[in-house]
There are 2 protein chains.
Amino acid sequence: MALPDGFIIALEQVCEVRSGEAVAAMDPGVDAGNLGAGVVALPTSTGQVQSIIKLCSAHGVPVVTHGGRTGLAQAGVSAPGQLVVDMAGMNRVGAPDPTAGCIEVEAGATLHAVQEACKAVGRTPGIDLAARGSATIGGMISTNAGGMEAFRCGVMRHRVLGLEAVLPDGTVMSDLTRVTKVNEGLDIKHLLIGAEGRLGIVTRAMLKLEPLEQAAATALTGFASAADAVTAFHAMRSAGGLLRAEVMWRAYVDIVSQACGLPEVATACSGDVLVLFEVAGGSFEDAQGRLEASLERLTEDGILADAIIAQNVRQQQDFWRVREDSFAVESTWPNGLWYDVTVPLDQLDAYARELQDRVSGLPGECFLSVIGHLGDGNLHITICVPADATVSKKQADEAVFEGLKQMGGSISAEHGIGLEKMAALACHGDPGRLFAARLVARALDPLGLMNPGKVQALTS
Amino acid sequence: MALPDGFIIALEQVCEVRSGEAVAAMDPGVDAGNLGAGVVALPTSTGQVQSIIKLCSAHGVPVVTHGGRTGLAQAGVSAPGQLVVDMAGMNRVGAPDPTAGCIEVEAGATLHAVQEACKAVGRTPGIDLAARGSATIGGMISTNAGGMEAFRCGVMRHRVLGLEAVLPDGTVMSDLTRVTKVNEGLDIKHLLIGAEGRLGIVTRAMLKLEPLEQAAATALTGFASAADAVTAFHAMRSAGGLLRAEVMWRAYVDIVSQACGLPEVATACSGDVLVLFEVAGGSFEDAQGRLEASLERLTEDGILADAIIAQNVRQQQDFWRVREDSFAVESTWPNGLWYDVTVPLDQLDAYARELQDRVSGLPGECFLSVIGHLGDGNLHITICVPADATVSKKQADEAVFEGLKQMGGSISAEHGIGLEKMAALACHGDPGRLFAARLVARALDPLGLMNPGKVQALTS
């Protein structure tokens, strides 16, 4: 399918437009199909985004919006006949206000750029994830990103105080409040958060800031079971100052520590379930002291199997590198099937054991690699499939999703639905909610031009 | 207007229905017009609510949903020809799960009942307000209630993990997840939160819990200005353990301490702007020690004008009573005009001074009484109008709302819009957001039967 006559010419009057070789030279990001449309618009202002949407609406051209192209659910995949709107040119980061506790940023700014601006005034946006260098604020809002600090600072939805967006008909919604308490009728910004580009294009946001901790210490800890790890999490949380709690099952640590040349991390700590705890303090020594005291109590209570506190920045970085280089699992097991689920903490241990049993029952010598954000119960699961085995998506889905909704968990924790989980959402999502979502999407986007065919079908 | 023939008879097959004297005997709550419909349905299950909505839809009867009837924006006012759905009969409180950190409750449960259930397992729902004994969870969700803990635990929107509701066409949305991280397409529950009953009836919710602090100490502190109070808030927050920070301008303390027979509270502490700080600790003595250390630092830095730490539970209760008995201002100044706004903290001092100037310019000897939740910048303002003066709503609105939206604040912090602020919302709300809200409301409630005529007109 080609774009309509005259559309490109009109678009070039609005902003930079790339096609052909210029698009071929661009990095498609996580998914090879992201730039399949072959034509990319690069606006630098909200006014230009508005003009683009109006043109697309007039010519019936579907729009796929791109941030850092780090999305893991194929929400950014595009096809000929569609237009990619790349927000990289709208990347201004305003001055953070430490007194009001907020910062205004454009959608194309990377998380890392925002974090650095905030750090200069002793604040943090309260969200962090491994793709910080390329993930953009607009993309993180559209996918309601989560990450490592969600158990205490919430997910992206909870970090957004105000939002500016261009709606599917070209209307600009400019709702850039700088405060938490706003009760002014239907809160439309919460519809756009997590909508994966289906309800318009996010152009700017006002983010909430938190005080930046002065120093932190990290320990790699080992437990006999996920149940013990959860008990330890609650104890560490109650003791105060807990910043992060990242869980890694043994198989994951073995694979990644080998792949990134840090085998000493895997042998540093025994236990089937490992947790990286990061604790805040006024100084590194102070944080280390708090961490030591908490770990001693856990040992006395018979919960902790083993632990090692990072003695210097280098060791701390090594521990975190093993946690963050999760793509090493994908490289080592290229036929692996990835999942991103949430399990309520009272069910985590049982779910992990039952999942293990179900995966053992799959064809071939499949096994599990699991990491997660312990405080949220958010697990990133890979079913590692040997080259000589064949496991269908359906078999894997059944193994991973069984019981999740019934226990109040989620089949999609933080990556979103995109194309990847549409079938799973249709199967497991609450029918009442999906019905309402269709009504809402059709009302705001009657032409169905915003990232069509993703997340949810507009007809039942 | 009478209800259609056959409607009441059909309704009586579904649930208890009150009319006539039985309704006259009910407490209308904050607003005398709440029970104006004269007919009240009292469902005890989600199925009954669904049947009621289907009946109303079939007979074209508008629905006004009631919780504790403590709303302050007239969202619960009803008229003949409408049906009040009173959720008091759906007040079951599930067992709180301290490990998963959640509790399932029915919409008619009071906040106090939920707080007590959570306290038994060392948890709290992370939200508190003076009307806790009568305000219901459903009402708090529908008005996105705020209160005293929002600067650290968020508003009601941030406490809701999952939601069950009956939509305007009778569809039940049952989205009772028990976890924070759920990314499964458009998040419809966030549309219902704060919708003031315009998009359906909230029937059940899954609330997020926080660890309950073991003990707390309170200090009444005095400052020369709001700017100093904000500086102190940030210092107390960074020191850790700050639970509450409630600001009261001098005139408020004078009126209320007199009215409730506690004049010693007004004279206990000097300063134009008073703040009640509550700090957590492992024991009362521990909390007191932390509070003392923080106040000493503020004194050394020349920020604190005066302070008194409550020495016992009785004194602590007296301080809080003066803060919570805010209706004493209304009783003392019955012609007063009330407002509920949010001011970004970097603007709080300037806004308070300029508001003072604008109120001084009103006809007669008007003066201000102001309290607020300091951490959020949420101010509850009364323009006290002497009996011999006449101040129009328009004059008062202009004095209070001037500049608020431009500085990123809000004309409606936590009470909602209801009937009271419809004109103000139409005037100050972002047109793009209001446009989208109309599309969404018409899509979900095409017959316009859910709390019609409140919040926002569905036609522009």
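Two residues are in contact when heavy atoms lie within 4.5 Å. Keep that in mind for this predicted model.

Chain A holds 18 helices and 17 strands. Its C-alpha trace spans about 70 × 55 × 45 Å along the principal axes. A compact globule of 460 residues would have a radius of gyration near 23 Å, and chain A agrees because its value is 23 Å. Of its 460 residues, 61% count as buried. Now take the contacts in chain A with a separation of 6 or more: 72% of them join residues 24 or more positions apart. Charge comes next. Chain A carries 34 positive and 53 negative side chains, and the centres of the two sets lie 6 Å apart.

Next, find helix H18 of chain A, residues 431–444. H18(A) is mostly covered, with 11 of its 14 residues buried. Among them are A:Leu434, A:Val440 and A:Leu444. What do the buried residues of H18(A) pack against? In chain A, they meet helix H8 (189–192) and helix H17 (422–428). In chain B, they meet strand E8 (172–175), helix H8 (189–192) and helix H18 (431–444).

Finish in chain B with one residue. B:Ile371 sits in strand E16, residues 367–373. Is B:Ile371 buried or exposed? Buried means under 20% relative accessible area. B:Ile371 has 4% relative accessibility, so it counts as buried. Leaving out residues up to four places away in sequence, B:Ile371 touches B:Val247, B:Met248, B:Tyr252, B:Arg323, B:Ser326, B:Asn378, B:Leu379 and B:His380. B:Thr382 is 11 residues from B:Ile371 along the chain, and their C-alpha atoms are separated by 8.9 Å.

Key: Residues numbered from 1 in each chain as written. Chains lettered and ligands numbered in written order. Predicted model: local features only at pLDDT ≥ 70, side-chain atom pairs only at ≥ 80, totals over all residues. Heavy atoms only, no water. Helix = DSSP H or I, 4+ residues; strand = E, 2+ residues; numbered from the N terminus. Buried < 20%, exposed > 50% of the residue type's maximum accessible area, 1.4 Å probe, protein only. Expected span 1.5 Å × (residues − 1). Rg over C-alpha atoms; globule rule 2.2 N^0.38 Å. Lys, Arg positive; Asp, Glu negative; His and termini not counted. Charge placed at Lys NZ, Arg CZ, Asp CG, Glu CD.
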